[in-house]
Amino acid sequence: MLGAGLLYAFLGAATACGLTWALSRSEASKKAHLEAPALSFVGSATLALFVLTAAFLVASSWQQRNSAGDHTYQEARSLEAAYADSRGLPPEVRSQTREQLRTYTREVAGPEWTLMRNREMSQRAAGALDEARLLIAHARTADDEQEEAREVVRAELDNVSVARNQRSSDMRWSVPAPIFYALISTAVLVVLFPALVGINAGPRHMLVMILLGTVLGFAVYLVAGLRHSFAPPLGIEPEAFRQALARFDQLDAAG
């Protein structure tokens, strides 16, 4: 993640440096001081537009990421609860249900998470969850205690299904393309503006433009990294499901 951020920052700095040096040799740069107040106002307005767009995108993307993370942990908690409460089921049903829950959780934490980066879901995971729900729906119980356990597990698996659908919806969310392109356009305009209206390529000016380009490049990288809640480098990792698998092992050991 740090390497990609530094790359974006370097590209921004190099772009700002190159454009400033190339365009500062124009006649406009020699007369820049004549219209400084007006140009300063336009430049400030352009920079403010970029800051506003970047702040909106980062805030909305981070809020969506947090929401998707909460839904992920809710799904994992429902899986743990279903696995734990299945102890009250008939032995054969309990064994089969737990095996399907393990299959589902392993599939989500592994192959499905990779598919989600391309906005796809695993059919194998969906099949394992459906199989577990069918086992519970058609399970035959011997007494009221087993029937109560069956209803509890059934409700928890319904919660898993709802959470899975929510995760699918979160997976398809993305920053609207027009706004992201607007961010890039305003970043380019901010870098271009001083050189277009006239700026000397002196050491101090070049340093300021390099720093500006670095900040702009990193801001674009940050927004790009948050465009998809489950895509690297800033996407959500399947840690909740890995923890659920560890919890399954603890429950098996406890009996």
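E107 sits in helix α4, where helices (H or I, at least four residues) and strands (E, at least two) are DSSP runs, numbered from the N terminus. The model is a predicted one, so local features need pLDDT of at least 70 and side-chain atom pairs count only at pLDDT 80 or more, while totals for chains, interfaces and linings use all residues. Residues are numbered from 1 along each chain as its sequence is written, and side-chain values use heavy atoms, with hydrogens and water left out.

With a relative accessibility of 9%, E107 counts as buried; buried means under 20% relative accessible area, exposed over 50%, and partly exposed in between (1.4 Å probe, protein chains only). Setting aside residues up to four places away in sequence, E107 touches E112, S122, R124 and A125, contact being heavy atoms within 4.5 Å. Q123 is 16 residues from E107 along the chain, and their C-alpha atoms are separated by 9.6 Å. T105 belongs to helix α4 too, and T105 is buried, with a relative accessible area of 0%. Its contacts, not counting residues up to four places away in sequence, are L79, F241, A244, L245 and F248.

Zooming out, the protein has 9 helices and 0 strands. Of its 255 residues, 42% count as buried. Among contacts with a separation of 6 or more, 84% come from residues 24 or more positions apart.

How does α4 sit against α6? Two packed helices are described by the angle between their axes and the distance between the axes. The axes of α4 and α6 (residues 144-172) come within 13 Å and cross at roughly 5°; axes are lines fitted to C-alpha atoms, for helices over the stretch in contact, and angles run from 0 to 180 degrees between N-to-C directions. That makes α4 roughly parallel to α6, since angles under 35 degrees count as roughly parallel, over 145 as roughly antiparallel, 65 to 115 as roughly perpendicular and the rest as oblique. On the α4 side the contact is made by L101, Y104, V108, E112, W113 and M116, and on the α6 side by L157, V160, R164, R167 and M171. These residues divide into 8 nonpolar, no polar and 3 charged. Here Ala, Val, Leu, Ile, Met, Phe, Trp, Tyr, Cys and Pro count as nonpolar, Asp, Glu, Lys and Arg as charged, and the others, Gly among them, as polar.

Next up is α5, whose buried residues are A125, A126, A128, L129, A132, L135 and I136. These buried residues pack against α4 and α6. At the start of α5, a side-chain oxygen of S122 reaches to within 3.3 Å of the backbone nitrogen of R124.

The loop between α4 (91-116) and α5 (123-137) holds R119. R119 has a positive phi of about 60°, although it is not a glycine, and at 34% relative accessibility R119 counts as partly exposed. S174, in the loop between α6 and α7 (177-197), is partly exposed as well, with a relative accessible area of 24%. Apart from neighbours within four places in sequence, S174 is in contact with R119 and R227. A polar contact of 3.3 Å joins the side chains of S174 and R119; such a contact is a pair of N or O atoms within 3.5 Å, and within protein one must be able to donate a hydrogen and the other to accept it, with residues adjacent in sequence counting only if both atoms are side-chain atoms. The backbone oxygen of R227 lies 3.3 Å from a polar atom of the S174 side chain.
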